Amino acid sequence: MASAATSEVLRFDDVNLHFDGTPALDHVSFAMNSGETRVVFGAAGAGKTVLLKTALGLVRPDAGHITLFGEDITRLKESAMYGLRSKVGILFQEGGLFDSLTIAENVAYPLVNQQARGNGRGPEWEEEVDAKVQESLNFVELGNTLEKYPSELSGGMRRRVGIARAIVTGPPLVLYDSPTAGLDPITANLIVHLLIKERDTQGIAAILVTHRYQDGHLMANFRYNPDSGRIEPAREAEGPGGVRTKFFVMNEGRLVFQGSEAELRASQDPYVRKFVK
Amino acid sequence: MLDYFIPWIETFQEFLFLAARAFRNIFRGPHYVDDILIQMDVIGVGSLPIVVLIGFFSGIIMGLQMGRALTTYGAQGQIGQIVSISLVREFGPVLTALLVAGRNASGIASEIGSMKVTEQIDAMRALGTDPIQKLVTPRLIATMFVLPLLTIIADFIGMFGGALIAFGLLNITWSEFWNNGWRALIYQDLFQGLIKPFLFAIIISLVGCLYGMRTSGGTQGVGRATTQAVVVSSIWIFVITAFIDPLFFT
């Protein structure tokens with residue numbers, strides 16, 4: 001029996017999904033517990049984004065079962081999904097920011113939405129939202145962009161705003177879809193550092209889809225030191241990296257590899273080796 | 001042969017599902033009142049200048065053409081009657097709906113289509129918001145509310161344009177024009193003139209939303225969705241007119 005500290009947050013049981021006869025997910029099975037990280041590699045069109053969208057119930061599988069926070073969401077009605085989704089943060093590949101809203105309104109959106117769905121508004125509600133938005137934007141080092149619009153920010157800044165929005169409600173599971181794609185190495189490393197910091201300060205579970213081996217390596221081997229405020233190599237014994245970070249490699253909808261970084265590096269599969277640099 | 005019709009049937013089925021969910025959401029929370037008011041402003045106030053302009057000139061054109069024909073028979077005194085009946089029954093609702101379709105079905109489709117291709121719709125769902133509740137229902141309510149009002153304004157302005165022609169070119173007094181025009185109308189005309197914009201509003205808003213929601217293929221897809229929304233909603237305006245008119249034929 002899993003303890004509360006390591007409870008299962010997400011499980012895929014033999015999930016299949018086809019688009020126009022082409023497999024997007026092909027017999028995918030895995031499980032992950034709270035506080036764990038999965039790094040997903042794969043070529044374009046391998047099914048990485050679909051994996052995340054299926055986990056969140058945005059796309060329904062043809063067969064198999066998906067369990068999110070202990071609830072089978074495979075055939076759950078859309079209206080019943082909204083409550084569960086509020087426990088999951090997601091950063092979309094293109095950011096998914098609402099371009100007609102300011103940065104502050106974008107980040108506040110999940111909070112406002114939760115209130116709109118029936119939690120009621122107390123007198124100090126707006127102040128609480130403002131404080132959380134500011135805190136979340138400070139976390140991604142964009143605390144001075146409150147009144148700007150997404151179009152006024154660079155691609156890297158928009159991704160960071162996306163991260164701020166994904167984590168503003170403090171969800172126990174966050175899904176990151178290619179947060180470093182198309183960014184310069186400095187910005188990409190900054191974003192991965194933010195993900196490590198979020199993981200280690202909040203203890204969240206995360207799935208990170210990426211093309212860069214370096215992103216997974218950093219997630220698996222580095223930790224955030226709250227005393228120094230810096231990212232530093234994690235020793236074997238103190239993790240959170242190695243033991244709680246596993247790597248997936250996807251190819252044409254199939255999970256062709258699941259394992260630790262050491263196992264990934266040792267793999268002789270030519271497709272898997274393409275992602276190890 | 002059947003394959004040709006399948007996409008049309010599927011689209012119509014999608015339209016019915018969207019309509020059912022949008023109408024059901026009117027009676028279920030959360031209600032996005034701010035969004036409804038914004039859409040009323042965009043669709044109603046935003047369309048007002050063009051509706052006034054086109055209504056005015058259509059009244060003038062109708063006055064000129066009808067006046068000329070009526071003068072042939074020495075019946076120019078009937079100009080108010082003909083202009084008011086034509087405008088209230090047919091031209092006011094149809095012209096206003098076509099203008100709003102051109103302006104707003106395209107706007108709705110492009111706005112929602114852009115949101116679709118930039119993953120904003122998925123983001124909305126992921127953040128726990130029903131996109132139909134947030135995007136479609138407010139546009140439906142707003143259009144159902146403002147299109148009949150715009151039609152009434154277009155009818156009135158059109159009659160004013162007709163009155164100018166009657167007074168200026170046909171030597172008809174103001175009071176004669178308005179008395180004839182007003183007396184010619186029966187409740188059935190008013191009912192017909194108001195039920196149409198109500199139905200057109202449902203078509204314009206939902207077709208715009210449907211093609212926006214179905215958008216795929218980047219910016220090119222947004223352009224395609226916009227064009228389809230205007231074409232399909234315009235066609236449906238005439239189809240609905242053709243079905244409603246016989247009901248009031250007697």
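Predicted model: local features only at pLDDT ≥ 70, side-chain atom pairs only at ≥ 80, totals over all residues.

Trainee: Which helix gives the largest share of the side of domain 1 of chain A that touches domain 2 of chain A?

Mentor: The contact draws on 13 residues from domain 2 of chain A and nine residues from domain 1 of chain A. By class, that side of domain 1 has five nonpolar, three polar and one charged residues. Its largest share is three residues, and they come from helix α6 (residues 185-202) of chain A.

Trainee: What is the radius of gyration of chain A, and why is the chain called as compact as a globular protein of its length?

Mentor: Chain A has 10 helices and 12 strands. For 277 residues the globule rule gives 19 Å, and the chain comes close to that, so it is as compact as a globular protein of that length. Its radius of gyration is 18 Å.

Trainee: What percentage of the 277 residues in chain A is buried?

Mentor: Here we count a residue as buried if 20 or more other C-beta atoms lie within 10 Å of its own. Across the 277 residues of chain A, the buried share is 43%.

Trainee: How many residues does chain B bring to its contact with chain A?

Mentor: Chain A supplies 16 residues to this contact. The chain B side has four nonpolar, four polar and three charged residues. For chain B, the count is 11 residues.

Notes:
Residues numbered from 1 in each chain as written. Chains lettered and ligands numbered in written order. Contact = placed C-beta atoms within 7 Å. Nonpolar A, V, L, I, M, F, W, Y, C, P; charged D, E, K, R; others polar. Helix = DSSP H or I, 4+ residues; strand = E, 2+ residues; numbered from the N terminus. Rg over C-alpha atoms; globule rule 2.2 N^0.38 Å. Buried ≥ 20, exposed ≤ 12 C-beta atoms within 10 Å, placed from the backbone.
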